[in-house]
Amino acid sequence: VVPVYNYARYLVEALDSVAAQTIDALDLVVVDDASTDASLEVAERWVHDHADRFNRIVLVRLRANSGLARARNTAVELAETATFLPLDADNALLPDCCESLVGAMADGDAAFAYPRIVHFGSESGLHTGVTARGYLPYSAQRLVTGNYIDAMALVRTAWWTAAGGYRTGVEGWEDYDLWCRIAELGGYGVHVPRDLARYRVHGESM
């Protein structure tokens with residue numbers, strides 16, 4: 001699921017990384033959060049050109065800008081799968097990300113699985129290609145001191161529903177809030193200690 005707001009310049013790279021996944025049976029939901037740039041037009045062209053790659057593909061536009069939590073929740077509500085992976089439009093997945101995360105959750109009851117993530121982007125001013133996120137193994141107690149799990153994680157939709165989805169009013173902390181509420185319900189995550197996704201660092205990123 002890919003929410004997008006005014007990231008036309010990055011969106012194609014993000015969507016291309018989804019199309020390049022090694023897993024064959026894949027759905028894609030893109031939600032444009034009332035962008036004022038060309039994000040919707042870019043998404044429309046891309047969806048038209050790549051529709052045959054996916055089992056199911058959905059593109060919607062919200063009537064008014066509603067924020068990341070609402071855009072993500074709308075995307076998950078439109079999905080028809082038992083799991084989902086949120087990808088912000090300025091980030092990207094490595095080709096075996098989905099397949100690896102699905103495999104990590106195949107033999108257990110984990111609520112979600114998360115990978116290591118590397119920084120990229122010429123604007124970062126940081127060393128690109130260096131593991132910077134998701135390098136710690138899962139511990140519910142560790143969430144007490146802060147977030148160490150990025151939003152780019154494969155989540156069981158049933159756990160997202162049980163936790164009430166992404167909560168609005170916690171701008172910038174939507175994923176952390178979800179992990180905490182899942183933990184409070186007894187759910188847990190599985191760590192995949194491999195670099196499987198890329199987080200773009202730029203002037204507008206967290």
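This report looks at the cysteines, the aromatic rings and the charges over rings in a predicted model.

## Basis of the model

Because the model is predicted, local features need pLDDT of at least 70 and side-chain atom pairs count only at pLDDT 80 or more, while totals for chains, interfaces and linings use all residues. Residues are numbered from 1 along each chain as its sequence is written, and side-chain values use heavy atoms, with hydrogens and water left out.

## Cysteines

A disulfide is a pair of cysteine sulfur atoms within 2.5 Å, and by this rule the count is 0 disulfides. Cys98, for example, is in no disulfide, since the nearest cysteine sulfur, that of Cys97, is 5.3 Å away.

Cys98 counts as buried at 9% relative accessibility, whereas Cys180 counts as partly exposed at 22%; buried means under 20% relative accessible area, exposed over 50%, and partly exposed in between, with a 1.4 Å probe and protein chains only.

## Aromatic rings

Rings of Phe, Tyr and Trp (its six-membered ring) pair if their centres lie within 6.5 Å, and their planes count as stacked under 30 degrees apart, edge-to-face over 60 and tilted for the rest. The whole structure holds 8 aromatic pairs.

Tyr114 is buried, with a relative accessible area of 1%, and Tyr148 is buried with 10%.

## Charges over rings

A charge sits over a ring if NZ of Lys or CZ of Arg is within 6 Å of the ring centre and within 35 degrees of the ring normal. Arg53 lies over the face of Phe54, at 5.4 Å from the ring centre, and Arg133 lies over the face of Tyr199, at 3.5 Å.
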